[in-house]
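Here is a short briefing on a predicted model. Please keep the sequence and the coordinates open while you read.

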Number of protein chains: 2
Amino acid sequence: MNAIVTMTSQELKPQRHSRASGRVTIVDVARLARVSPMTVSRALKTPALVQLEARDRIAAAIKQLGYVPNQAASTLASAKSQVIGVIVPSLSNSVFVDTLTGIRDSLNQHGYKFLIGESSYSPEKESQLISTYLAHAPDGFLLSGIEQQDALREQLATHNVPAVRMFDLNPENGEVTVGFSHEEAGYSIARHLIERGYRQPGFLGAQLDPRMMKRRHGFRKALSEAGINPDIEVLTPAPSTVELGTKMLGQILQQTPACDAVFCCNDDLALGVLFECQRRGLSVPGQMAIAGFNDLPWSAFANPGITTIVTPRYDIGFTAAQLLIKLLRHETPETTSVDLGFKLAIRSST
Amino acid sequence: MNAIVTMTSQELKPQRHSRASGRVTIVDVARLARVSPMTVSRALKTPALVQLEARDRIAAAIKQLGYVPNQAASTLASAKSQVIGVIVPSLSNSVFVDTLTGIRDSLNQHGYKFLIGESSYSPEKESQLISTYLAHAPDGFLLSGIEQQDALREQLATHNVPAVRMFDLNPENGEVTVGFSHEEAGYSIARHLIERGYRQPGFLGAQLDPRMMKRRHGFRKALSEAGINPDIEVLTPAPSTVELGTKMLGQILQQTPACDAVFCCNDDLALGVLFECQRRGLSVPGQMAIAGFNDLPWSAFANPGITTIVTPRYDIGFTAAQLLIKLLRHETPETTSVDLGFKLAIRSST
DNA sequence: CTGAAAGCGCTTACAG
DNA sequence: CTGAAAGCGCTTACAG
């Protein structure tokens with residue numbers, strides 16, 4: 001009777017600083033399973049260290065109560081968030097979506113989640129995103145490109161968060177990078193066009209991000225080496241789209257009517273060029289050869305199929321994530337710059 | 001002297017349970033700014049409640065120390081994560097990427113972050129993702145479609161997390177939904193084809209998700225009403241791609257050689273059909289009319305331009321996020337089912 | 001293999 | 001407008 005009275009008075013006068021969330025916690029599970037909270041924690045993280053019988057009782061209690069661990073509490077206590085920050089230039093470019101898929105497939109295997117940020121190709125925005133994400137105490141970062149701001153590098157160093165760069169190569173400094181040589185890719189497209197006999201190939205470049213400029217550089221280098229004028233080109237900072245491709249064909253033909261081939265810095269542009277050629281009655285590749293970049297899903301099925309560079313974007317994401325996990329485990333990767341290469345897919349458009 | 005000795009002995013014998021992270025905390029900022037940690041917290045969240053002078057000292061201290069608030073600690077203490085879980089069917093479909101952009105633009109204004117999950121059109125996977133995300137204590141969810149599993153509904157109810165559904169309408173139950181009528185969209189494409197005089201229009205359907213089936217239903221309804229055979233169709237559960245479109249044209253022509261128009265459940269398929277028509281020497285729209293769905297970025301620039309349904313996918317994301325924020329503030333939205341409509345873009349392909 | 005104690009870095013709920 | 005105390009729900013670092 002006394003006991004009941006006591007309970008009632010407790011209910012009427014809750015603790016002064018009480019702010020119970022009503023949420024099922026590890027303590028509730030522990031009580032039901034007749035173990036300590038610590039053992040529940042172990043059963044979840046390192047089951048091998050917990051007796052089978054206890055493990056079963058804990059599993060049953062978790063199920064019965066519908067327990068979901070509180071990630072915030074775990075992060076705070078362990079200083080490990082299991083979160084990776086990923087920064088890509090654009091989500092509307094399916095190239096980066098493929099990379100995210102690779103990252104996801106890799107990280108999921110190891111229990112990591114990731115936050116996705118879109119830098120819109122802006123180094124300033126990239127640095128801002130890093131600042132925001134640091135509040136979530138990410139265990140690591142996957143970044144796009146190797147041209148980050150100094151401020152960003154300092155932030156990473158200050159907070160001691162490892163990062164892996166994607167989409168390029170970085171043989172110079174010790175930063176871990178996974179990608180391929182954009183310069184060589186541009187070079188090989190030019191060589192292909194030259195070998196096919198095109199003598200006035202032009203370059204269509206959009207976005208003007210550093211990697212595109214490297215492709216352009218390789219393209220120009222091959223042309224110069226072959227004694228061909230490398231200055232037939234149209235450049236614009238606008239994002240590459242099919243619509244832009246339709247316009248750029250007009251522009252390059254106006255500048256150089258004898259232009260007989262174009263290397264588009266992305267397949268989007270190439271598709272626009274193809275449609276515009278059809279509209280103008282220019283045969284492809286007879287009157288105008290078209291080469292693209294990335295091998296987007298429709299490139300092989302266009303009419304004609306579009307010659308392009310096949311980029312290993314899924315593998316870049318997957319490999320970069322694997323490397324980052326190695327770094328997080330303080331394993332030393334064999335190499336800091338992984339070159340995944342590219343392939344030249346020759347199709348009917350050239 | 002004594003003091004120095006004391007300090008030294010403390011350094012040699014750290015506290016038994018010490019696990020200082022080395023991280024700059026709110027306490028460090030408070031000390032430097034000569035206020036309490038509570039005042040720093042207020043300066044960050046509700047600056048109006050803090051004296052201007054103190055605010056300036058705090059801002060200076062934050063800058064000097066490079067303080068970044070610990071999100072995990074904040075979430076744990078306040079039981080608010082400022083995180084929204086977003087589930088979309090697919091990231092390779094740019095439609096959903098556009099929606100994510102709308103969501104981001106809306107949530108960024110209000111300081112929310114979001115976790116993106118890809119359900120691959122699977123209700124089971126959707127439920128799993130929700131379970132995973134609940135560990136992050138999201139303040140709310142944005143879901144795709146209105147056909148969630150009962151288990152998912154229970155989870156949301158148990159954890160008392162509000163959700164807004166996207167891409168469809170839901171006049172039946174009280175669930176908050178933002179989208180448009182897929183049935184009406186399919187109906188209006190059929191009406192357009194009928195009015196143009198096509199008498200054997202076929203339907204090409206991929207993925208077979210609920211919304212596509214509603215479009216098909218509207219399409220068939222209009223044909224039946226007009227006394228036209230609605231059974232010319234090819235259906236496949238495979239994801240819609242340009243490659244698939246090239247194949248499906250062959251299939252429907254094999255079934256029904258006299259088929260004179262196709263409604264493709266997505267513009268990807270329509271582009272494949274267009275390329276395949278070109279390859280087979282079928283004039284568009286003379287021998288084969290093509291209609292698509294979504295108005296992907298290249299649809300207007302194809303040759304010919306592709307007639308399609310323009311879907312308000314960016315606005316769906318933006319509006320859904322706005323509505324969710326209202327729910328989180330316990331404001332009552334004027335309506336639970338927001339119809340953003342669609343537009344029929346008539347171009348040269350029909 | 002298990003558990004009691006302390007602490008992670010914030011915010012709530014008070015009290016002034 | 002400001003601050004001292006307690007607590008959020010975990011994990012670390014011990015000790016057995």
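Residues are numbered from 1 along each chain as its sequence is written, chains are lettered from A and ligands numbered from 1 in written order, and side-chain values use heavy atoms, without hydrogens and water.

**Confidence**
- Chain A has a mean pLDDT of 90 (the predictor's confidence in each residue, from 0 to 100).
- In chain A, 94% of residues reach 70 or more.
- Residues 1-17 of chain A stay under 50.
- Where pLDDT is low, predicted coordinates should not be read in detail.

**Residue A72(A)**
- A72(A) sits in helix α5, residues 71-78 of chain A (helices, H or I, at least four residues, and strands, E, at least two, are DSSP runs numbered from the N terminus).
- A72(A) is buried, at 9% relative accessible area (buried is under 20%, exposed over 50%, partly exposed in between, with a 1.4 Å probe and protein chains only).
- Beyond its neighbours within four places in sequence, A72(A) contacts A72(B), T75(B) and L76(B).
- A72(A) and A137(A) are 65 residues apart in sequence and 11 Å apart in space, C-alpha to C-alpha.

**Sheet in chain A**
- Six strands form an open sheet, in the order β2-β1-β3-β4-β5-β11, with parallel pairing (strands pair if DSSP finds at least two bridges between them).
- β2 (113-118) and β11 (337-339) of chain A are the edges; each has a single partner strand, so one side of each lacks a neighbour in the sheet.
- Six bridges join β1 (residues 83-88) of chain A to β2(A), running parallel.
- G85(A) has L115(A) in β2(A) as its bridge partner.

How values were computed:
Predicted model: local features only at pLDDT ≥ 70, side-chain atom pairs only at ≥ 80, totals over all residues. Contact = heavy atoms within 4.5 Å.
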